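Here's a quick briefing for anyone opening this one up for the first time. Have a look at the sequence and the model, then read on.

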Amino acid sequence: MTDVYVIGIGMTQFGKHPDRTAAGLGAEAVRGAIHDAEIDPRAIRTAYAGHVFQPMVTGQQVLGQVGLAGIPLANVENACSSGATAIRGSFLDILAGEADVSLAFGTEHLTGAFKGAFTPGEDDPEAAVGATMPAVYAMRARRYMEEFGLTREQLARISVKNKRNAALNPLAHFKKDITIDDVLMAKPIAEPFGLLDCSPVSDGAAAVLLASGDWVKRHGDPSRAVRLSASALRTGKVETAPGSMTFEELTRDTANDAYERAGVGPEDIDFAEVHDCFTIAEVLRIEGLGLWEQGTYPAAVERGEADIGGRLPVNPSGGLLGKGHPLAATGVAQVVELVKQLRGDAGSRQIEGAKVGIAHCRGGKTVGVEGAACTVQILTK
Amino acid sequence: MTTRTPVSFRPHDLVVDDDGTGFLRGSRCPSCGAHYFPTREVCAGCLTEDLETIPLPTDGTLYTYTVVHRSTPAFEVPYVLGYVDLPGPVRVLGQIDADPEEVAIGMDVHLEIVPWGTNDEGTPLLGYRFAPGGDA
Ligand SMILES: [Zn+2]
């Protein structure tokens, strides 16, 4: 089987872009990836576009703006996992021999589409009685507090860590360090969460170009190519009995698919970008991925083990809490960060000696399902 | 002046009797015993297709909760929201009719039928919440 490599990355500034469109942001990210790869765009054979709240065929609008026409493109919607699912499309095309170079991007003009607290779909019976996304995660946090003695301050530290990392990332939405007190004193959203426990509503886009191992040998720059060793995707199971809300079986199962494909285990992972849509979410993801034992991650954050320079840095880019969360762009931006770190191009947030990175997204909620779509990607240098 | 009879806010999920009592409607799988709310066509455990529609028990325990301070315009904040485990077992989300200080994980709660605004035609609606304590 062929190996798959990331040969180019592109990303816009994440933040509020009132005068831009999803297509314009997407085109900027795609042009960035093409320039980064230093390839003739006509080498691109297939494309996948992730977006959630954007007009239909936003992907084709992006291709139009960059002058690419004719190639197959599919628009992909998998809630917050849309961008990562687009990458999987490109990954599979290369494995199947359908393309030797494939483009995947995610773009979202969220401030134009959306305001206020996220709710599940309109016909959702839980939304009908007052569920919001922050409330659902807040309930998981409350249960975790009860089971494992998690404190409010420990939760706040996750936001402090990720915003500190974001302050080192020029493309991040948040640019300022914050204190634990800032998190505790922020406007209440759903207890125990305040505003700074929640990822912001952001606009932005990110793009990656993938190529086969053969293509990299013939045309590429092997010193800059980073191997995409696994791109796993799972759909959440409908629960047949009430399950734990403090451990993510879906994350564990998706990670196991990825570990098996990549031939690595959690002990081999040097750093992680995970879907920290809320502070508690980082805990649930990390423990689901098997990187820390259940119930132990909050104390590890307190000891600095997840800091840049710690034992296993988590969300060096700033994560969703710090870098921002333009839904479909998020999964692609995680892979952009993994590539920067593995190339040694991450500047002041560089993790020394990083060889294996993992990226995790999960998104969407349907009744009886702990999460709709989950992706795990492993990159190795 | 006519008074209109209140109706369930989601007639399929919440059945309300004339005397103002009511119950949530769920599904039970006759093959594997799994329970679901809301009702489903196919058992997610064993893929059996002839699920029974049943009234769910009205007493349960609180699995977890939050106090919501920001919501959609349809809801007045703050309100307590929680997941309740009912015998089956099956987990149901609902608002908790209690002061935040009285709410604790593991507490007994029971279903109550409460006014739930009006629909577009002005007909009063009935919804559900869970209140502290067992039913009787
Ligand atoms: Zn069954």
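**Cavities, a covered helix and a buried strand**

The structure holds two cavities of 30 Å³ or more. Keep in mind that this is a predicted model.

- From chain A, the lining takes in A:Pro125 and A:Val129.
- From chain B, the lining residues are B:Phe9, B:Arg10, B:Asp13, B:Leu14, B:Leu24, B:Phe37 and B:Tyr128.
- Sorted by class, that lining has seven nonpolar residues, two charged ones and no polar ones.
- As for how such spaces turn up, rolling a probe the size of a water molecule over the atoms shows where empty space is left.

**Helix 13 of chain A**

- Helix 13 of chain A runs over residues 327–343, which makes 17 residues.
- From its first C-alpha to its last, helix 13 of chain A reaches 25 Å, close to the 24 Å expected at 1.5 Å a residue.
- Helix 13 of chain A is mostly covered, with 17 of its 17 residues buried.

**Strand 8 of chain B and its partners**

- Strand 8 of chain B covers residues 90–96, and seven of its seven residues are buried, so the rest of the structure largely encloses it.
- On one hand there's strand 7 of chain B (residues 79–86), which pairs with strand 8 of chain B in the antiparallel sense over seven bridges.
- Strand 7 and strand 8 of chain B form a hairpin, with three residues between them.
- If you want a spot to look at in that pairing, B:Leu81 stands opposite B:Gln95 in strand 8 of chain B.
- Then there's strand 10 of chain B (residues 124–132), which pairs with strand 8 of chain B in the parallel sense over two bridges.
- Here B:Ile96 has B:Phe130, in strand 10 of chain B, as its bridge partner.
- A general point to carry along: in a regular strand the side chains alternate between the two faces of the sheet.

**Cysteines**

- With sulfur atoms needing to be within 2.5 Å to count, the tally is zero disulfides over all chains.
- A:Cys374 is in no disulfide, and the nearest cysteine sulfur, that of A:Cys361, is 8.3 Å away.
- A:Cys374 is buried, with a relative accessible area of 0%.
- Over in chain B, B:Cys29 is buried with a relative accessible area of 0%.

Terms used:
Residues are numbered from 1 along each chain as its sequence is written. Chains are lettered from A and ligands numbered from 1 in the order in which they are written. This is a predicted model: local features need pLDDT of at least 70, side-chain atom pairs count only at pLDDT 80 or more; totals for chains, interfaces and linings use all residues. Side-chain values use heavy atoms; hydrogens and water are left out. Helices (H or I, at least four residues) and strands (E, at least two) are DSSP runs, numbered from the N terminus. The expected span of a helix is 1.5 Å times one less than its number of residues. Buried means under 20% relative accessible area, exposed over 50%, partly exposed in between (1.4 Å probe, protein chains only). On a 1 Å grid over the protein atoms alone, a cavity is a set of points where a 1.4 Å probe fits but cannot get out, and a pocket is an open set with protein on both sides within 12 Å along at least five of seven lines; lining residues have an atom within 4 Å of a point. Grid points are joined across faces, edges and corners, and a volume is the space filled by probe spheres set on the points. Ala, Val, Leu, Ile, Met, Phe, Trp, Tyr, Cys and Pro count as nonpolar, Asp, Glu, Lys and Arg as charged, and the others, Gly among them, as polar. Two strands pair if DSSP finds at least two bridges between them.
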